[in-house]
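Subject: Structure handover, aromatic contacts

Hi,

My notes on its ring contacts follow below.

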Amino acid sequence: MRHRSFLTNFARENLQTLNLRRFFGDYRTFAFDPDYFHLGIGEIANITDDTTWQRILQDFDSDPRVVSRAIMYSGTRGEHEANQAMAVHVGSLLGRPELDEQHVVPFDGGHNAVNGVIRACVAPLGSPQDERQYVLLPTPCYPYFSTIINAHCGVIAYTAYSAEEMVRGIETLINPQVGVVLLNTPHNPTGYALTSEQVARINRAVEPYDCVLAMDMVYALNALAPQAMRTLGGLDPERTIYIDSFSKKFGLPGFRLGFAICTNAELIEALRMIKAAESVSTSNVKLLLAAHLLQHHMALAETTAATICQRYTTFRAALSGIEEYGAELPQATGNANTFYLPLFLDRLLERTGLGADEFGTLCHERYKLEVVPGTRMYPPAGLSQGKITLADETARISTPGPVVYAPDFAATQRPFVRVSFGIEHRVTEAAARLRQACAETFAM
């Protein structure tokens with residue numbers, strides 16, 4: 001008997017490839033095994049104690065407005081106070097004091113905001129009326145960008161392990177079929193940030209095209225130098241949408257609080273339309289909490305960022321000389337993202353014949369280290385591929401497909417694992433364990 005499926009062809013064919021269950025599983029235990037060093041997932045722990053959070057949430061619950069927001073539908077703009085507080089916060093980071101509440105759209109996390117931007121500014125693959133059916137994406141990147149993109153449209157992926165490579169990729173690959181250039185700085189996972197000169201080059205590269213610059217800035221407080229964020233304020237204001245969230249700022253990923261910020265009135269109204277169609281609005285109860293935290297508890301966010309920076313600095317120093325075992329750290333810069341650190345494994349894996357996933361498994365099983373293999377930070381395997389051609393300094397997609405790789409993608413892709421400093425406070429011991437894993441594996 002023929003199996004009947006009630007899914008679309010797209011959903012059925014990509015049910016495994018694009019399903020985030022492979023990363024998140026089914027249910028969480030909401031506990032960390034103390035026998036392991038937790039350098040994997042980008043959550044935050046061991047900074048603000050539970051008693052402090054309970055007191056803050058109890059104080060917030062006493063606000064009489066909570067009940068009115070819970071028992072009534074919200075408007076499509078969300079909560080005025082939260083939007084204004086977020087505009088002031090982001091404006092101060094970017095050096096953009098003109099930002100105010102009308103430039104802010106609340107979402108259910110930064111992930112949801114990226115999805116809204118792509119739905120508003122990129123047409124689905126095969127659309128007959130709009131050729132802008134691709135997102136230009138420097139990789140490696142946030143592991144779920146590819147899933148967000150390919151659930152709706154196509155992706156043009158290229159490798160960028162530095163800010164200069166990110167910019168050169170935009171200059172080379174931008175074309176009329178790109179609706180969004182999706183960027184993230186300070187960068188996850190490699191840590192780079194942009195200079196003013198590089199921002200100016202991005203603006204020049206995209207100027208001839210009707211595409212949006214989506215700048216994920218969720219690690220703004222984790223930049224070693226605040227100037228790294230001021231630099232982003234120089235991106236073309238007519239086409240740039242900034243994305244921020246509370247997952248890294250306050251260590252509250254469970255609340256799913258995110259925002260998109262833009263001064264282009266048409267783009268902002270389109271994002272409100274997309275969000276309203278999805279869920280009317282982000283919960284106004286959550287948005288009241290966002291305002292409360294931004295107005296009264298920014299010291300918590302600053303302490304969190306400072307603690308993570310100290311973990312990063314200590315861990316990096318403890319890995320000095322790791323090159324002896326075939327591993328390599330990125331060059332230290334003043335603009336680094338202190339939340340993460342990649343460990344490039346080219347020579348170690350070439351010597352041993354292992355892959356990055358196998359090394360990650362070895363770290364987990366033998367050394368009780370939780371790390372994230374870099375293979376998760378590229379488009380997922382299994383999607384059909386298109387082709388892009390470069391001729392006369394012009395890029396053009398010659399064969400459409402869900403994933404289009406830059407011509408030099410395979411030759412320039414590097415194996416690595418990423419470590420995170422949001423959870424683990426025993427960083428000296430963790431660095432010693434990772435050094436041991438590299439040394440013993442290199443000697444195999």
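The model is predicted. The count of aromatic pairs in it comes to 13.

One of these pairs is Phe246 with Phe250. Phe246 has a relative accessible area of 0%. For Phe250 the value is 3%. Buried means under 20%, so Phe250 qualifies.

Phe246 also pairs with Phe259. Here the centres are 6.0 Å apart and the planes stand at 45 degrees. Why is this pair tilted? Stacked needs planes under 30 degrees apart and edge-to-face needs over 60, so 45 degrees leaves tilted.

Now the sequence context. Phe246 sits in helix α11, residues 246-249. Phe259 sits in strand β8, residues 258-261. The pair therefore ties together parts that are 13 residues apart in sequence. Phe246 and Phe259 are both buried.

There is also a cluster. Ring pairs link Tyr142, Tyr144 and Phe145.

Next, charges over rings. Which arginine lies over the face of Phe442? That is Arg351, at 4.1 Å from the ring centre. Arg28 lies over the face of Phe30, with 5.8 Å to the ring centre. The cut-off for this contact is within 6 Å, so the 5.8 Å of Arg28 falls inside it.

Best wishes

Technical notes
Residues numbered from 1 in each chain as written. Predicted model: local features only at pLDDT ≥ 70, side-chain atom pairs only at ≥ 80, totals over all residues. Heavy atoms only, no water. Phe/Tyr/Trp six-rings, centres within 6.5 Å; stacked < 30°, edge-to-face > 60°. Buried < 20%, exposed > 50% of the residue type's maximum accessible area, 1.4 Å probe, protein only. Helix = DSSP H or I, 4+ residues; strand = E, 2+ residues; numbered from the N terminus. Lys NZ or Arg CZ within 6 Å of the ring centre and 35° of its normal.
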